[in-house]
Amino acid sequence: MYSFFDEEKDHFRDILSLMSMVYDEMAICATDSSSVCLHGEEKKDKMVTVIKKHHLDVQKIGKCNAILTTAAKAHKANGNFEMIVCRMLLALKKENMNG
């Protein structure tokens with residue numbers, strides 16, 4: 001997974017923003033699976049399936065978003081890119097495995 005981020009290093013902040021938007025939408029779907037999410041019915045159904053499969057709830061999704069925020073702040077402060085990405089990926093994996 002690191003290789004993707006390394007190849008897209010110049011777009012890291014944009015990628016984090018997109019990931020955050022997906023988590024925000026997942027939080028909406030986790031709160032109310034009958035709500036119309038931003039990407040339409042078909043994608044909403046897939047998102048609800050992922051939420052159920054990984055036992056995600058609003059709290060867990062919020063923690064994942066906080067991990068992304070921490071990575072963005074570290075990147076903005078010119079932290080070591082490889083360390084930022086590896087810590088972010090490990091933290092996300094850990095958060096998503098606790099279900």
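Reader: At what angle do the axes of helix α2 (residues 12-31) and helix α4 (residues 58-76) cross?
Author: In this predicted model, local features need pLDDT of at least 70 and side-chain atom pairs count only at pLDDT 80 or more, while totals for chains, interfaces and linings use all residues. Residues are numbered from 1 along each chain as its sequence is written, and side-chain values use heavy atoms, without hydrogens or water. The axes of α2 and α4 (helices being DSSP runs of H or I of at least four residues, with axes fitted to C-alpha atoms over the stretch in contact and angles running from 0 to 180 degrees between N-to-C directions) come within 9 Å and cross at roughly 165°.

Reader: How are α2 and α4 therefore oriented to each other?
Author: Their axes cross at roughly 165°, and an angle over 145 degrees counts as roughly antiparallel. The two helices are therefore roughly antiparallel.

Reader: Which residues of α5 does α2 meet?
Author: The axes of α2 and α5 come within 13 Å and cross at roughly 15°, which makes the pair roughly parallel, a term for angles under 35 degrees. Their contact divides into 9 nonpolar, 1 polar and no charged residues. From α2, the residues F12, L16, M19 and Y23 meet, in α5, F81, I84, V85, M88, L92 and N96.

Definitions and conventions. Parallel < 35°, antiparallel > 145°, perpendicular 65-115°, else oblique. Contact = heavy atoms within 4.5 Å. Nonpolar A, V, L, I, M, F, W, Y, C, P; charged D, E, K, R; others polar.
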